[in-house]
Amino acid sequence: MQRVVVAGLGDAGILTAIKLAKHFDVVGVSSKPGVVSGQELGIRLARPEEWARHYWIDFHRYRALDPVRTVHGTLTGVDLGARTVSVDTGAATIMEPYDALVIATGVRNGFWRQPRRQSNDQIDAELRAAHARFAAASTIAVLGGGAAAVSAAANLAAALPRANVALYFPGDRALPQHHDRVWRRVQRRLLDAGVALHPRHRAMVPEGFQCDEITSGTVQFSTGQSDTHADAVLWAIGRVRPNTEWLPEELLDEAGFVDVTDELQAPGHPEIFAIGDVAASDPLRSSARNRADGLVAHNVRVQLDRRGTPRRFRPAARRWGSVLGAQPDGLEVFTPTGRAFRFPAWSIERVLQPWIVKRGIYGGVRDR
């Protein structure tokens with residue numbers, strides 16, 4: 001039976017693996033023992049137990065992942081000629097052969113998205129420590145204008161009403177990759193939550209700092225404003241780095257992301273595919289958020305079975321989806337045109353998560 005290796009089992013990787021497992025021998029490689037989603041940073045920091053229920057799920061709980069063999073380790077290399085990837089499991093380095101390789105290793109971004117190998121106990125300790133750090137702070141500075149920063153500011157302000165929360169972003173508005181309507185609506189939510197908004201503030205990153213930990217103390221701005229001081233500083237300035245050190249340069253673009261065609265295949269290596277934030281599919285690298293897992297699974301079948309026609313990925317022009325995550329009054333989701341629709345609060349735990357997400361999208365998730 002032909003084998004597909006899925007390198008990276010985050011949100012995009014696991015969905016791709018589930019679809020491929022119906023047709024091939026699939027091996028998934030992950031530095032975590034389960035899906036530790038990069039989504040909903042604000043809820044992760046403000047309400048970690050609630051976040052963990054839906055965004056940190058061990059692989060054995062996914063029913064549709066039962067046919068997939070998962071390897072807990074860090075990818076260290078690929079031999080394009082021999083068609084093997086090497087994986088450091090901590091105990092040994094093993095080789096996994098493939099007929100097709102799907103790269104879904106994502107990106108580093110802040111302290112919450114790092115590729116290091118972790119156990120469940122380490123993940124749990126990291127979640128608790130981050131929340132405790134903010135819960136103990138009287139002043140919180142959130143730096144950045146993207147969805148992660150905005151969500152963090154809003155959710156921390158709601159969960160920690162005694163803290164002074166401020167959001168600093170470099171442009172005239174935050175959420176620059178979303179429609180204007182989205183920012184106008186979210187801005188009202190931020191102000192209602194008591195978040196102090198500071199537009200046109202670009203934070204200066206200390207030399208050698210990778211923005212990968214929560215800091216405290218003074219923050220300086222390159223845009224001329226006075227320094228600010230905070231007990232806890234969240235760096236969410238979008239300084240992403242692709243997790244591609246294990247790949248040869250011939251597969252990468254100038255920024256280190258995996259170069260792909262419209263079919264999400266590597267030019268010159270049709271047996272290699274990429275999906276999610278690691279794939280240079282479009283300026284927003286939006287294949288994860290536009291459910292390209294089905295497209296990649298289809299195109300892998302076309303490549304290996306030598307029949308059918310590959311599909312082309314068509315990215316959205318703007319970011320869309322949830323910004324703040326589930327709130328006491330429900331979950332607001334935005335379309336690419338900036339229109340909002342709301343799931344009422346009662347439906348999130350009774351309908352959205354158990355039926356639409358866990359059963360409809362992931363094919364069933366076992367209880368803990």
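**Aromatic pairs**

Modeller: The structure holds 7 aromatic pairs. Rings of Phe, Tyr and Trp (its six-membered ring) pair if their centres lie within 6.5 Å; planes under 30 degrees apart count as stacked, over 60 as edge-to-face and the rest as tilted. This is a predicted model, in which local features need pLDDT of at least 70 and side-chain atom pairs count only at pLDDT 80 or more, while totals for chains, interfaces and linings use all residues. Residues are numbered from 1 along each chain as its sequence is written, and side-chain values use heavy atoms, with hydrogens and water left out.

Colleague: How are the rings of Phe111 and Trp112 arranged?

Modeller: Their planes stand at 80° and their centres are 5.5 Å apart, so this pair is edge-to-face. Both Phe111 and Trp112 are buried; buried means under 20% relative accessible area, exposed over 50%, and partly exposed in between (1.4 Å probe, protein chains only).

Colleague: What is the geometry of Phe209 and Trp235?

Modeller: The ring centres of Phe209 and Trp235 are 5.3 Å apart with planes at 75°, so the pair is edge-to-face. Phe209 belongs to the loop between β13 (196-198) and β14 (215-219), and Trp235 to strand β15 (residues 228-235), so the pair ties together parts that are 26 residues apart in sequence. The names follow DSSP: helices (H or I, at least four residues) and strands (E, at least two) are DSSP runs, numbered from the N terminus. Phe209 is buried, with a relative accessible area of 13%, and Trp235 is buried at 5%.

**Strands and sheets**

Colleague: Which strands pair with β15, and in what sense?

Modeller: Two strands pair if DSSP finds at least two bridges between them. Strand β11 (residues 139-143) runs parallel to β15 and is joined to it by 4 bridges; here Ile140 stands opposite Ala232. β14 runs antiparallel to β15, also with 4 bridges, and Thr218 has His229 as its bridge partner. Of the 8 residues of β15, 6 are buried, so the strand is largely enclosed by the rest of the structure.

Colleague: How should I read a strand order?

Modeller: The general idea is that in a regular strand the side chains alternate between the two faces of the sheet. β6 and strand β7 (residues 84-88) pair over 5 bridges, with Val78 opposite Val85.

Colleague: What packs on the sheet with the order β21-β22-β23?

Modeller: This is an open sheet of 3 strands with antiparallel pairing, and its edge strands are β21 (321-322) and β23 (340-343). Helix α6 (residues 180-192) packs on the sheet, touching β22 and β23, and its direction makes about 155° with that of β22. Helix α8 (residues 345-361) also touches β22 and β23, its direction making about 90° with that of β23.

**Cores and covered helices**

Colleague: How many residues does the largest nonpolar core have?

Modeller: A nonpolar core is a set of buried Ala, Val, Leu, Ile, Met, Phe, Trp, Tyr and Cys residues joined through side-chain atoms within 4.5 Å. The largest one has 63 residues, and Val4, Leu101 and Val300 have the most contacts inside it. Helix α1 (residues 11-20) gives the most to this core, with 6 residues. A second, separate core of 37 residues includes Trp112, Val182, Val186 and Leu324.

Colleague: Is helix α1 mostly covered or mostly open, and what do its buried residues pack against?

Modeller: α1 is mostly covered, since 8 of its 10 residues are buried. These buried residues pack against β1 (3-7), β2 (25-30), β3 (34-36), β9 (100-103), α7 (293-305) and α8. Contact here means heavy atoms within 4.5 Å.

Colleague: Where does Gln177 lie?

Modeller: Gln177 lies in the loop between β12 (164-168) and α6, and is partly exposed, with a relative accessible area of 36%. Leaving aside neighbours within four places in sequence, Gln177 is in contact with Leu284, Arg318 and Arg319.

Key. Axes fitted to C-alpha atoms, helices over the stretch in contact; angles between N-to-C directions.
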